[in-house]
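Colleague: I would like to learn how to read helix packing from a model. Can we work through one together?

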Amino acid sequence: MSLRAPLAGVLGRGSAKAGVHHWWLQRLTSVALVPLAIGFVVSLLVLPALDYATLIGWMRQGGTALGLVLFVLVAARHSHLGVRVVIDDYVHSAGLRTLAVVISDFSHLIAAAAAVYAVLKVALGGRL
Amino acid sequence: MPERPLSPHLSVYKLKYTLATSILNRLAGLILSLGFFLFAYWLVALAAGARAYAQARELLSLGLFKLVYAVLIAAFVYHLAAGVRHLIWDTGRGLDRLSAQRSAWIVAVVSVLVSLILIYGLLRSGAYAR
């Protein structure tokens, strides 16, 4: 038998029992980002130049597109989770908080989708 | 929503290295979140073709963006170093006061050094400047 009044549950007090998932995903994405982010920065650093032709050539090399897609997806999720924690901690008004969370959700999803689409388009030679 | 205790109450704490390393990690993470959107824009511009990329590059090589890249580099290096420190903590290691102080120093020194090297390389190389 639960000692909690049902009203408290309705009002959203107490644990939503979903915190561990958030916490765990934040660790999982951070572990994955260590090699992905270092790999991204190093592969940019070893490029002779950052002009259009060099970058397109690099993105069409085997493995680059896969690495970039992984980096984009994991970084987007990690950023999404992190921004959510910051919003929850510092935006105290419920309305503003909901608005900020929704804006963060949508913009992360849009940016990730656009970035993945861009990587695939280049990697497949513009046939997308 | 009824009044509930909220955290963190930044104003009641004395500034200590524990607080500084923690809040800097958050700040760096937020900066990198903004950097993620810049990164997505850069990829989209690349995929839009040579002319669109040339236009984007014109914008992205404005003098102001040197500062943006320098801040992003510093945030990246710090967030990476501090993040690895957190992952080590998550295994239950290095949580005592002495280890925590030592790892804070390591993170500070490593991130300042690596950031300076990368920023120096960025500002020196014509590839990023133009």
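Modeller: Start with chain B. This is a predicted model. Chain B has five helices and zero strands. From the N terminus, its elements run α-α-α-α-α.

Colleague: What percentage of the residues of chain B count as buried?

Modeller: Of its 130 residues, 32% count as buried. Take the contacts in chain B between residues at least 6 apart in sequence: 70% of them join residues at least 24 apart.

Colleague: How do I describe two packed helices?

Modeller: Use the angle between their axes and the distance between the axes. Now the case here. The axes of H1(B) and H2(B) come within 8 Å and cross at roughly 150°. Angles over 145 degrees count as roughly antiparallel, so H1(B) is roughly antiparallel to H2(B).

Colleague: Which residues of H1(B) and H2(B) meet?

Modeller: From H1(B) come Leu38(B), Tyr41(B), Trp42(B), Ala45(B) and Leu46(B). They meet Ala52(B), Tyr53(B), Ala56(B), Leu59(B) and Leu60(B) of H2(B). By class, this contact has 10 nonpolar, no polar and no charged residues.

Colleague: And in chain A, at what angle do the axes of H2(A) and H4(A) cross?

Modeller: At roughly 140°, with the axes coming within 9 Å. That makes H2(A) oblique to H4(A). The crossing of H2(A) with H4(A) is left-handed. Its residues divide into 13 nonpolar, seven polar and two charged. Among those in H2(A) are His22(A), Leu25(A) and Phe40(A). H4(A) contributes residues including Phe71(A), Arg77(A) and Arg84(A).

Colleague: How do I read burial along a helix?

Modeller: An α-helix has 3.6 residues a turn, so residues three or four places apart point the same way. Then take H3 of chain A, residues 52–59. Its buried residues are Leu55(A), Ile56(A), Trp58(A) and Met59(A). Seen down the axis of H3(A), they fall within an arc of 160°, so they line one face of the helix.

Colleague: What do the buried residues of H3(A) pack against?

Modeller: Helices of both chains. In chain A, the partners are H2, H4 and H5. In chain B, they are H1 and H2.

Colleague: Let us finish with a single residue. Is His108(A) buried or exposed?

Modeller: The cut-off for buried is under 20% relative accessible area. His108(A) has 5% relative accessibility, so His108(A) counts as buried. His108(A) sits in helix H5 of chain A. Leaving out residues up to four places away in sequence, His108(A) touches Ala76(A), Ser79(A), His80(A) and Val83(A), together with Phe36(B) and Phe37(B).

Technical notes:
Residues are numbered from 1 along each chain as its sequence is written. Chains are lettered from A and ligands numbered from 1 in the order in which they are written. This is a predicted model: local features need pLDDT of at least 70, side-chain atom pairs count only at pLDDT 80 or more; totals for chains, interfaces and linings use all residues. Side-chain values use heavy atoms; hydrogens and water are left out. Buried means under 20% relative accessible area, exposed over 50%, partly exposed in between (1.4 Å probe, protein chains only). Helices (H or I, at least four residues) and strands (E, at least two) are DSSP runs, numbered from the N terminus. The arc is that of the directions from the helix axis to the C-beta atoms. Contact means heavy atoms within 4.5 Å. Axes are lines fitted to C-alpha atoms, for helices over the stretch in contact, and angles run from 0 to 180 degrees between N-to-C directions. Angles under 35 degrees count as roughly parallel, over 145 as roughly antiparallel, 65 to 115 as roughly perpendicular and the rest as oblique. A crossing is left-handed if the near helix is turned anticlockwise from the far one by less than a right angle, and right-handed if clockwise. Ala, Val, Leu, Ile, Met, Phe, Trp, Tyr, Cys and Pro count as nonpolar, Asp, Glu, Lys and Arg as charged, and the others, Gly among them, as polar.
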